[in-house]
Every structure is written in C-alpha cells, then in structure tokens.
Amino acid sequence: MSLSGENAATGRCLCGSFHFVAHGEPLTCVYCHCVDCRISSGAPVSALVGYDAEKVEYTGDEPKKYQSSETVTRAFCGTCGGTVSYEDELLPGEIYLHAGLFDEPDRLAPTVHSWHSQAVSWLSIDDGLPRHEKSSKPR
C-alpha cells in the first residue's frame with residue numbers, strides 16, 4: 001500500500017525492524033488508564049494516537065498480533081517486543097498506535113483521558129483535560 005499526502009506522521013519500533021507512516025489527521029490522541037493497556041505496555045498509562053486503519057502503512061517486518069480480549073487485538077514487534085498498537089472490533093476501521101513510537105510525538109499530544117476509573121493512585125497528571133470513567137469513545 002502506498003498513500004500520498006502532505007500531513008503524515010512517521011515512527012518505528014525500538015530495534016527498527018519496522019517503520020510506519022500514518023497519513024492525515026489523527027482521529028484522536030488519548031491517555032488510556034485501563035488495566036489492559038497498562039499491562040500490555042508496562043507503563044502506568046498509555047498515550048495512544050488513533051487513525052483510520054487504511055491510512056497506516058508499515059515497511060519492514062509486519063508487527064505480530066495477538067487477541068488480548070474478546071474484541072481487542074494488540075500488536076508488538078516480533079524482534080524487540082515493543083508495544084505497537086491495539087484495534088478494537090467495536091471501533092471498526094480504527095487503529096491506535098502508541099504515541100512513543102512516533103518520530104515527532106510532540107505533534108500528537110493527548111486531548112482526553114480514557115478509563116480514568118482504573119488509573120493508578122500514585123500517578124497525577126494535572127493537565128485539565130476531560131476525564132472519562134470508561135472509554136472516551138462510544139462502543
């Protein structure tokens with residue numbers, strides 16, 4: 001697949017086995033505090049950038065995928081093990097890439113908190129952004 005466009009964001013995994021290009025504006029940039037994202041990433045909160053799945057292309061190795069729950073598939077690098085993305089069947093056609101993978105993550109600041117009800121008690125992000133007890137996107 002090859003997409004064109006001026007507004008593209010690029011990124012890669014830690015070892016460089018794959019690179020990606022995400023074309024166009026993101027659907028959303030979100031902090032996710034859910035238990036599954038926390039365990040999957042090993043971090044107390046995940047920053048994710050959502051795109052239309054057809055606007056994301058990979059070069060190099062394809063990320064490995066596994067189904068982490070009934071409707072969610074997560075991807076990771078098969079070489080370095082780095083967390084890449086998640087896709088939810090209840091959000092068809094969307095992919096959420098971890099913000100830390102992007103070459104210019106400062107362009108992709110989160111605008112909302114999801115699953116704040118599951119946030120760890122010792123982490124305080126005082127940014128004034130909206131907080132949702134569950135998902136910030138209707139499913």
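**View 1. Y31 in strand β3.** Y31 lies in strand β3 of this predicted model. Strands here are DSSP runs of E with at least two residues, and helices are runs of H or I with at least four; both are numbered from the N terminus. Across the strand pair, Y31 stands opposite A47 in β4. Contact means heavy atoms within 4.5 Å. Beyond its neighbours within four places in sequence, Y31 touches V45, S46, A47, P110, V112, H113, S114, I125, D127 and L129. E87 lies 56 residues away from Y31 in sequence and 15 Å away in space, C-alpha to C-alpha.

Residues are numbered from 1 along each chain as its sequence is written. In this predicted model, local features need pLDDT of at least 70, side-chain atom pairs count only at pLDDT 80 or more, totals for chains, interfaces and linings use all residues, and side-chain values use heavy atoms, with hydrogens and water left out.

**View 2. T28 and its partner in β4.** T28 is also found in strand β3. Its bridge partner in β4 is G50. T28 counts as buried because its relative accessibility is 17%. Buried means under 20% relative accessible area, exposed means over 50%, and partly exposed falls in between (1.4 Å probe, protein chains only). Leaving aside neighbours within four places in sequence, T28 contacts L48, V49, G50, Y96, V112 and K137.

**View 3. Strand β4 and its two partners.** Two strands pair if DSSP finds at least two bridges between them. Strand β3 (residues 28-32) and strand β4 (residues 46-52) run antiparallel and are joined by five bridges. β4 also pairs with β9 in the antiparallel sense, again over five bridges. There, L48 has H98 of β9 as its bridge partner. β4 is mostly covered, with five of its seven residues buried.

View 4. Five of the six residues of strand β8 (residues 83-88) are buried, so the strand is mostly covered. Strand β7 (residues 72-76) pairs with β8 in the antiparallel sense over five bridges. R74 has Y86 of β8 as its bridge partner. The hairpin of β7 and β8 has six residues between the strands, and G81 takes a positive phi near 80 degrees there. Strand β9 (residues 94-98) pairs with β8 over two bridges, also antiparallel. S85 stands opposite L97 in β9. In the hairpin of β8 and β9, five residues sit between the strands, and G93 takes a positive phi near 80 degrees.

**View 5. The seven-stranded sheet.** Seven strands form an open sheet with mixed pairing, in the order β6-β7-β8-β9-β4-β3-β10. Its edge strands are β6 (64-67) and β10 (112-114), each pairing on one side only. On average, neighbouring strands of this sheet are turned by 30 degrees against each other, direction ignored. Axes for such angles are lines fitted to C-alpha atoms, for helices over the stretch in contact; angles run from 0 to 180 degrees between N-to-C directions.

**View 6. The whole chain.** The protein has one helix and ten strands. Along the sequence, the pattern is β-β-β-α-β-β-β-β-β-β-β. The C-alpha trace spans about 40 × 30 × 25 Å along its principal axes. Buried residues make up 36% of the 139 residues. Of the contacts with a separation of 6 or more, 56% join residues 24 or more positions apart.
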